[in-house]
Every structure is written in C-alpha cells, then in structure tokens.
Amino acid sequence: MNNHGVVSQPDSAYFLRLGFNQLADVLALTLGPTKGSVLNFSTRNERPEMLNDAATIARRIIQIPDRRQDVGAMLLRQLVWQMHQQVGDGGAITAVIAKHTLDEATRMVAAGGIAPLIQNGIKKASAQAVDAIKAMSQPADNEMALAAVAEAVTGHQKLSWILGEMFDILGKYAFITVEKYMSSYLERIYLEGGRWSGKLISPYLITAPATQKAIQQDCYVALFAGKLHEHEDVAPLLSIIHQQKTKNLYLLAYDITSDALNALVSAHQHQKNGINIVAGTLNIGGQQGVRELEDLAILTGATVLGDDLGRPLSSIKASELGRVKRAEADKENLYAIQGGGDPKRIREEIQSLQTLLDHTPPDDEDIGIIHQRLARFSGSVGILQVGAISQTERDVLEQKAKHATRALSATLMEGYVPGGGVAYLHAAKAIDLDSAENDDERMGMLALKNALSAPFIQLLTNAGIYAPEVKMADVMAKGNGTVYHIIEEDFVSAVDAGIVDATKMTRMALETAVSGAVMALSVDVTVLKKKPRTNKDYTP
Amino acid sequence: MWNELAQIAPGGPILDIFLTEKGEQILVSPNGLLKHQSQTWRLLMRGVPFWQTNCAAAAGKTIFSSGFPTGIIRSIDGGKSWLNTFIDQQTAPIVNIVASPNYAKDRIMLAATDGDGILRSTDGGRHWQLSNFGLRDFQIVELVVAPQWDERYEFCIAVSETAVYQSPNGGRAWRRVEFDEEAHPSAVVFSPDFQNDRTVYLSTQDGKLFCSANSGRQWQKVADGFETISGLCLIQNKLFIVEFDKVIACATSDFSKREIVLQDTLPILSLNAIKTQLHLTTIDGVTVSADNGRSWQAVESYNARRFVWVKRSANALIVAGPDDGIWLSTDGGRSWSLLWADGTVLALDVSHEQIFVSSDIGLFVSPDLGKSWLQAGVIDEQMMGVAIADSHLWLGSQFGQIFRQSGAGLEPQNAPFTGKALLDMQQINGFVTTVVYNADSSEIQLWQWQPENKVWHLFFSERSQPNKPVIAVDNRWGVVIGVAGSLYVKAQSGWRRVQVSSSDAPITAVYSQQDHFLIGATDRLLKVSKTDFAQIEALSWDGDPILDISEHVMVTINGRVFQAPSQ
C-alpha cells in the first residue's frame, strides 16, 4: 500500500466497514453484566491495564494496522468517545447498534437499494424509535431507580447504592468530586454551603485543633480581589468590626501577607478586645478569582472590593460587609455555610446557571466550572471517597464512579427505561415500515429495525446464553416492563430487578449510532494522509 | 469526717433512663447520672464540666453524657472517670445522644443540639462534627435512629419545632419530609420490627398521631383528639402515648380504642421500652411496668434533688433548691419539713426568723420561719437576687434592674449595670452587692452600693465564663471570691489571685473558718490556710460535688446535707 493516497469505491466502503466492525467487535464484548475485560499492554515498561468500559478501550486504541480500515475504526472511536463525554455510558451499545445498522444498510445497498434513500429511511426509523423510547421513559423519582442505573454503568452494587443516594439527595445538578484513598474504602460526604479552593492564612487562627480548621459562627464577610500587605489595608476593616455587636470576621482575598497578616493575627489573639477571625486566600486570582468572589458575594450579601475595581479594602463601609452563619478554613479549602445573601438574587443566579448549563455543549471546557458554581448556589456538593489497595483497582473504581455520575445526571433529566437492550426491542416494534415513502426508504427503516435487536442479542451472547433470539421473542411477548435477567436466566420486572438504563443514554446511543452508520454509509472515497515519519525512518 | 444529716426527701426529677451493656440501670437526673450499687443509687458524675445534665446514652462499653452549657463527655469505666470529647466548634446545648444500632461495627453516634443542628461521630464518640446537610432549622427536639440498620439503609429521624427530617444514610445528610405544615411534631418512635415493616409513628403537640410505612418519607394521619403528646413508646404492637401526666395505650391496628394505663399527678418526662419493660420517669419518680402498663412499680430510694442554698438562722437550718422547694429543720437535721413548694426559687435570703424568697411566681416573705407567707410584691421581671442590707430589702432582676423596698413599695434604682445579666445579689459586710456578667467584655463584675455616697462602686472585675462566683465574708481578708479554679482576696495592692484548683474542678463553695478557708472545689473538699495560701490540704471527702457551705453545714449535688465534725 502506498504511504498516502485516495481509496475509492468499492474498496473505500469495504475497508471502512472492516475497520468499523473490528473496533465494534472489541467494544461489544464489554456489554452487559457478564462483560469481558480487555487487557491493554502498550509497552514493556508499562504495567498492563485491565479495561472493561468501552469508552476507555476506544480511547486506548489510537490506530489499527491497516490504514484503510483505520478510517472506519477511528470514526467509531469518535462516536464512542462522544457518547462517553455526554452521558458517561453507552459506548458499547452505540458501537453495537452502529455496526449492525451499517451491516444491514450495506446489505440493502448490495441488494440494489439506493444509498441516500436508505439513509433517509434509517433517519426516519430512528426518529420513530426515539419517540418510542421517550414514551417508555419513567421519571427517576426514587433512589432505587437511580441506584439501578448506576449499577448498570458500574456493575458495583455498593458504589451504585451510594451514588443513587447521593443523586437522590443532591438532585440533577449534583456536583460530586471523586477522591481516591489507598485502602478499601467507600464513603460519601455532603458539603453544606459552598467550598472554594484556598487556604487559611495562619495556623494561629485555628480554633479546632482536631481538624486543623479555623471555625467561627455568625461572621461578617469581607471580600477583596487583590493582595493585602500593609497594616493600613486591614485597619479600617478591623475598626468597623470592633464597632459591631458580633465581633467575628471572615476575610477572603487573593493574598494576605506581611503586616496585614500580623494585624489580623494580633487582632484575633487580643485578650480583651479580640476579634474572632477566619481569613483565607483563594488559590486562583485574575478574572476567575473575581468570579469566585462574586459568587461568595451573592451567597453572603457582601460587596467585592479590589484595587483594580477602584476600591481598596481601606475604603470598606459596614454596609459592604456580608454575613455568614459559619465560616471555616483549613490548609486546602475555604467554606461558607448559610450565607446571608438575598434569596431572590441567589434563585436568579441558579436559574441563570441552569440555563447556561443546559445550553453548553458537553465537551465545553467551562462546563465543569458552571456545574460547580451551580452546585454551590443550590447546595448540591458532595464528595465520593473511593479506595482500594491497588492503584489499578482505585483507578477503575474512580472511572466507574465518574461514568456513573454522568449517567445519573442524565437519568434525573430524562428518566429511565427498561435495560438489558429491551427498550430497543420495543422501540424497533414501534418503527412503522408502512410510513416509508418508497421501497428504498423502507429498506433503510428495516435496516435499523433489524439492528435494534443487536444489543439484546449481544448481551445474551456475551453471557453465553443459548438461542438469544428465542429469549427475545419471549421478552417481547411478556410486555414492556419485563427484561431478561442474565445472571438468574429468568424474565423479571425491570424496576424490581433494577435492570434499567438512563433514557438519555438509550436515546443518545441510538442517535449517535445512526449518525455514525449513516455517515459511514455515505462514504465514497477516503483520502489517506501521508504517513508521519517515525524515528526509525528519520534521516537528517 | 462530715456527718450526713437525715435525708430530706428521696426522689427528684429523672429525665431519662437507660441500660448499659452489662444491663445496669442508669438514671439521668439534672444533677448527673445515678447507678444502682450496693442497695443504693450512687452519683456517677463527679467533677464534670456541666452545671446541669441534659441527656446521656450508652453505646457498647462507653457511657456518654451532656449538659449545660455544652459539650459531650464519655466514660469507658462505667462512670468512674470521664473524658472530654472533641467537638466541632458549636455553642448550643446538646439535648439528645443516640448510637447506631451497629455501633460495635461502625462506631457511629449522633447528637442533637438546641440551635446548632446535629453532631455526628464516626469514631465511637471521640470526635464530633456538625452534620447538617439538608437541615433548614437547627433547634432539634428529638433524634431517633432505627432499631436496625442494614448494609444499604441507615435510617434516622430528626424533629425540630416545625419540621421532620429523615436521613437514609446514618445522619450524613438530611431531607425535610412532607408533613402537616401547621403541626408541631413532638415525638417519634420506630417500630421494633422496622427492618420488615418500615413503620414509624410520629406525634404532634396538638394531639395528632401520624404513621409512615416507608421509613418516614411520607406520613399519614392515623389518629387525633389526644391532648399535647410529649412521648411515644411501642411494645408488641401496642403504642403508648404520653399526655403530660398520663399514659394512654392503643393497639396499632385500632387507634380508636384507647386505654389510660397510668394517670400520675406529676409531669411525665420520659417513657422508654427497655427489653419488654416500660420505664417511666417524672419530675419526682421512676416507675416500671413489666406487663404492658397494667401494673406499675415505683423505683425507690434514689435522690436527685438539687439544693443549692444552705442557711442557718438561730436554731433553724434551711436548705433550698430551685425546683425542690425550701426545707426546714429545727432539730439539727434529724428531721425536715417542707416550707415552700410553689414555683421555682430564684433567690433566697434569711434574716433572723424572716425568709425572703424570689420565685417565678412573685416575691414572698415569711416572718415566722415559714409558718405563714405573705406576697411582698409582683414584678414582671424575674428577680435573680434578694438581699437585706441597709435596713432595706433589695432585689435585682435578671437584666440588672435594681429595686429597693421602702414604705411606698418597691422603688426602681439607677445602676450602671442595668441591662447586663445579674447572676446574684448578696449582703456583704453590711453592703448590698450585685454579681453581674458583662457579655461585652466577658467579665464577672461585683458592684457594691455605698449608702453614704449613694453610688454603685465597681468592687471586683475578672474575665470569666458567665458562671456565678462564690463569695464568703472573712474576718481577716474582708471578702474572698472564688471564680473558676481561683480564689481572689483583697490585698493592699489590689485583688490577689490564688490558684487552688484546676478549671476542670471550679470552686463551688467557700466558707471562712478561724485560720483557714474551707473550699468545695466541685468534688473535692480543700482546706486552705489564710496565712499561707500555698498550704492546701485535701480533706477526706466521699466525692459528691459540693454546692454550698455555710455555718458548718454543707449541701451536695444530689440533695445530701452534711454537718462539720465539730458540730
């Protein structure tokens, strides 16, 4: 094969499909509770990596040997990763549906169908199937359903229980940080109020030695977007606090050093007329720092001052102080619990952030920050602590937890449907072939209708269950709420057995797979770029 | 050795009752915990940092207790010694402590506070941190945990004045559950078979009863028409409902059939099911029923009274406590008669045969050692101090307002400390003296009225907690004042501070004798030389915390009265 070149029909479609299928076959193995694992062993120097989620496997496969096939593999890889980013799950199902849709459609084209019309048929059938999935969807209004969705993603029962509980308590805008521990451990913490990355300015302010925290109740809040060095910078503020009945202060700035720091510590330690102070510095400055302080200002009712804003801290007035019921700071974080901000203003901010989040593409780099800010305002911040003895196990647990959090967010938004591939079977049944405008379109609709049975069959095949088609007929006969329990080898109620999938994931896997299959079907020519030089080839 | 005088009256308020891991019964009284040992009830808590116990609980081998002002202590030796625990900074009093049903395995404990929400410990009660996620109000009146926690669900229910909160995860987070917004919840009880039936009952202050069949997430009214319900208890499908001074039993299958199983004349403080027995405590007794309330047996011989004043006048000995009345003995403590039992005594002074009492229902005076009582005046404010000085009766309100009795009645007086918290008022060396706490400067202040100049003179000032100092008149030093673990004496150069005890065992009583001071430092009796304060001798004492010493008579925390050997 040439180093670069143009591949035309029929080779282009043939090799593209080979590559597409090659990757799909690997990913299909990871579908279901009896999924297999893929051992990734890239170099001699690296430890092997046990992978069992489709997105990570796809990400690890960066190239397959035949460059004509690689085009197809990379196309599917992109689809799987896109699914992972949007809902955290559904990569394997996307691959299976995409593969079978492409196979069926290719068969139809080989049988004389017109490719563009077949594509139209696939799209029309997809729209009908999506409608059917939405109609099937149940709202996720209980912890059991959420835990079931999490278990479908993680395959880890206790982790799923905890995630179900966390999302039930924190809601759909939950912001959950996953922390890793070096022992077998699974725990969750719910954070009251907001948390900011920053640190306490001096250990002399610590009031709770057991936790190394400075804690004060009922504090006045002063926020400064800048650095404080001089005694004069903080003296007016201390004087204002002295005049208040409650002499407790929570001061946050970008940096507090030198005489300003000494003044705060000595005011805190003063025997007769002391002020109880919690003072911290934010880990970020600049525009993002101002935004963090503005969030605090909304939550506490304070006004952000700053040299760049034309307001040095020395010009602060009592009316510019906010209030907080409890202020805490340690060497890593700053906390504000029950701020005295205007509830209406806080509600408006939550609504504005919700709108922003709903309209931000899932792969946007700001989405995490928006999510975090929203969780701070709505009090939906949690920490999931996972631990395992080995690094590999820890990493796997962390990944599982992260995938599940996305899936649960999706579930809370759109609900859930029966899992185990059954939702697709019912969606396939809802595809009305008679709605096709011509025979070619009907062929396309039939292609997707046939392909939608693939996830169910693949799940049973992975579990080594004999004659999956017979089980498929049985599960359809038993109605919408019934699924096939692969471990127990019996037909059970989806909700009772907890075999459910997020509607959003189910829907998006179908839409993404159809989009990929239609794109692959439309390819006539592939252009292979010049192969990059390797060290071996390199000659100066 | 000090001789114990006749017991004044057994009984007293018991807030709660529980069993230790060994099956020992513990009574929770405001004075501390009482354990039955060698045919008598002995006080377990000595030298603890509370001036009143609120609640206690046992978890495994550890006993926990809490009281005013705040804090939790624990004992791992059955109450012989107590250790402080580390608590997340909070100031509200703790009102309830409960342990996880799987305490041996998970070491989880929860504590409810009256103002700061809920504290949680995951290390067997050594460290406590606030766990308020989801709470919207923080004055918790009731906190209960399910009798069984499984691998997945660890149900707890917390009740505030206006809302019910459920936690499915052992108190890590709370969620407000839908409930009648008008109703004020009062008590909660889990079904003993909660693991299977997921049933919880909840009562309200306006006499309604609710039931939840899904672990407290949704509630349905099952009965009403009760009076104010203050407690619930469930044994063998029978729900026992506490209505102020009576207990009503209903079958959980039919709440329309109600049977009064106990009618007391005293307010009921708690009703617990311990194994198959019902244990009921009141403000003056404990009764037990082993047959589902058909018959009740009183628990005798404990003493949980709190006498904080002891006065001697002529041949009479007068002992009084805020809630336990005023008692008189005219035969040297061999027998006692009740002089006064109406209302809460706030302040007391005795002069010859006259007794002056400030109570929450007014000011009273008896000219004949309690044979008859006259109402001396009604003032809206509560009088925390009474003193006879300068031929006048002086009164001090809780907010520092001073009144002086004259022919025209009670005349308000101007004072520089008006508005501050008045802790006490005494006549010292003929001068009326007030003890005031200045919260702005966190100082205890003593102000003395100087009749010649007609001014209040700041006599003593020291930074301290808002606890009443102890004061004694001395022929050598004039006045001695005990604050926390220190004794203050007036030297020529000013007040001289002498450390005689630690802050863990503050001075609770001082009495001046000829060449030494007798000092009650909580549970220790000390003899301190007047000429050399370094000479401190610990006298033999059985360890009950001492509350007052006067004229060779001493009262201790659990209502015992002692007389000095020389008498």
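Two residues are in contact if their C-beta atoms, placed from the backbone, lie within 7 Å. That criterion is used at several stops of this tour.

This is a predicted model, in which local features need a pLDDT of at least 70 and side-chain atom pairs count only at pLDDT 80 or more, while totals for chains, interfaces and linings use all residues. Residues are numbered from 1 along each chain as its sequence is written, and chains are lettered from A and ligands numbered from 1 in the order in which they are written.

**Confidence**

Colour the model by pLDDT, the predictor's confidence in each residue on a scale from 0 to 100. Chain B averages 88, and 99% of its residues score at least 70. Within chain B, the lowest confidence is in strand S38 (residues 374-377), with a mean of 79, and the highest is in strand S12 (residues 109-113), at 96. For the complex, the predictor gives an ipTM of 0.76 and a pTM of 0.80.

**Chain A as a whole**

Select chain A. It holds 19 helices and 18 strands; helices (H or I, at least four residues) and strands (E, at least two) are DSSP runs, numbered from the N terminus. The C-alpha atoms of chain A fill a box of roughly 95 × 70 × 50 Å along the principal axes. Of the 540 residues in chain A, 49% are buried; a residue is buried if 20 or more other C-beta atoms lie within 10 Å of its own, exposed if 12 or fewer, and partly exposed in between, with C-beta atoms placed from the backbone. Among the contacts in chain A between residues at least 6 apart in sequence, 77% join residues at least 24 apart.

**Two helix pairs in chain A**

Select residues 422-429 and 468-477 of chain A, which are helices H14 and H17. These helices pack at an angle of about 75 degrees, with their axes 11 Å apart; axes are lines fitted to C-alpha atoms, for helices over the stretch in contact, and angles run from 0 to 180 degrees between N-to-C directions. H14(A) and H17(A) are therefore roughly perpendicular to each other, given that angles under 35 degrees count as roughly parallel, over 145 as roughly antiparallel, 65 to 115 as roughly perpendicular and the rest as oblique. Show the side chains of Val422(A), Leu425(A) and Lys429(A) in H14(A), which meet Met472(A), Val475(A) and Met476(A) in H17(A). By class, this contact has five nonpolar, no polar and one charged residues; Ala, Val, Leu, Ile, Met, Phe, Trp, Tyr, Cys and Pro count as nonpolar, Asp, Glu, Lys and Arg as charged, and the others, Gly among them, as polar.

Next, select helix H13 (residues 391-414) and helix H19 (residues 503-521) of chain A, which pack at about 100 degrees with their axes 7 Å apart. That angle makes H13(A) roughly perpendicular to H19(A). On H13(A) the contact is made by Ala407(A), Ala410(A), Met413(A) and Glu414(A), and on H19(A) by Thr503(A), Lys504(A) and Met505(A). The residues of this contact divide into four nonpolar, one polar and two charged.

**Where chain A meets chain B**

Display both chains: 12 residues of chain A are in contact with 15 residues of chain B. On the side of chain A that touches chain B, helix H7 (157-170), strand S5 (185-191) and strand S7 (214-228) of chain A each supply at least two residues. The largest share, three residues, comes from H7(A). This side of chain A divides into six nonpolar, two polar and four charged residues.

**A sheet in chain B**

In chain B, four strands form an open, antiparallel sheet in the order S23-S24-S25-S26. Its edge strands, each pairing on one side only, are S23 (231-235) and S26 (254-263) of chain B; two strands pair if DSSP finds at least two bridges between them. Neighbouring strands are turned by 25 degrees against each other on average, direction ignored. Zoom in on S24 (residues 238-243) and S25 (residues 246-251) of chain B, which run antiparallel and are joined by six bridges. Here Glu243(B) has Lys246(B) in S25(B) as its bridge partner.

**Backbone details**

Select Gln236(B), in the loop between S23 and S24 of chain B. Gln236(B) is not a glycine, yet has a positive phi of about 45 degrees. Is this residue buried or exposed? Gln236(B) is exposed, with 10 other C-beta atoms within 10 Å.

Finish at the peptide bond from Gln9(A) to Pro10(A), which is cis, with omega near 0 degrees. Pro10(A) lies in the loop between strand S1 (5-7) and helix H1 (11-28) of chain A.
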